[in-house]
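Please find below a note on the model under review.

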Amino acid sequence: MAGTVVSVRYASLDDLDAVAPLFDAYRVFYELPSDLTLARNYLAERLAKLQSVLLLAEIDAQAAGFIQLYPGFCSLAAAPFWTLYDLFVAETARGHGIARLLMEKARQHGEATGAVRIDLSTAHSNTTAQALYESLGYEMDQTYRYYSLPLTR
């Protein structure tokens, strides 16, 4: 990537046309049907309601990847934390450290907002992501077992 300009910044509603195709591709990666309208509307609502933080990676001003963080609160620590729920790098941009740059920006955001931690989860089979997270100091939880209750909408 010599001669290219790589940057990571906060995305806004003005970036929806650039980020929505990445978010759609992220959902397709998890075997959901492509739906660009749904992707765009979902991100627009999160950003408009200040319900998430979206970090955008660009290569030569072209969208290359993103992270979406959701705020949370830890009763035991009596402090805020962030959940890193979405991380995606376009196939053409993989292998160039974009995910690592996004993760670093997420860490900086967490520290700047006074969070006590960043939580994330990944598939048991996603060893590539696990290696990245562990190389950045993320630790697998050995204390708590997480459960989920599906609700009908």
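Does Asp15 count as buried or exposed, and what is its relative accessibility? The points below begin with the basis of the model and then take up this residue.

1. Basis. This is a predicted model, in which local features need pLDDT of at least 70 and side-chain atom pairs count only at pLDDT 80 or more, while totals for chains, interfaces and linings use all residues. Residues are numbered from 1 along each chain as its sequence is written, and side-chain values use heavy atoms, with hydrogens and water left out.

2. Asp15. Asp15 counts as buried, because its relative accessibility is 11% (buried is under 20% relative accessible area, exposed over 50%, partly exposed in between, with a 1.4 Å probe and protein chains only). The residue sits in the loop between strand 1 (6-10) and helix 1 (16-29). With neighbours within four places in sequence set aside, Asp15 is in contact with Arg9, Tyr10 and Leu56 (contact is heavy atoms within 4.5 Å).

3. Fold and dimensions. Four helices and five strands are found in the protein chain (DSSP runs, numbered from the N terminus: helices are H or I of at least four residues, strands E of at least two). Their order from the N terminus is β-α-α-β-β-β-α-β-α. The radius of gyration is 16 Å, close to the 15 Å that the globule rule gives for 153 residues, so the protein chain is as compact as a globular protein of that length (C-alpha atoms are used, and the rule is 2.2 Å times the number of residues to the power 0.38). The C-alpha trace spans about 45 × 40 × 30 Å along its principal axes.

4. Strands 2 and 3. Strand 2 (residues 53-59) and strand 3 (residues 62-74) run antiparallel and are joined by seven bridges (two strands pair if DSSP finds at least two bridges between them). Leu55 has Ile67 in strand 3 as its bridge partner. Two residues lie between the strands of this hairpin, where Asp60 takes a positive phi near 50°.

5. Strands 3 and 4. Strand 3 is also joined to strand 4 (residues 79-89), by 10 bridges in an antiparallel arrangement. Tyr70 has Thr83 in strand 4 as its bridge partner. This hairpin has four residues between the strands, and Ala78 takes a positive phi near 50°.

6. Burial and contacts overall. Of the 153 residues in the protein chain, 37% are buried. Among contacts between residues at least 6 apart in sequence, 58% join residues at least 24 apart.
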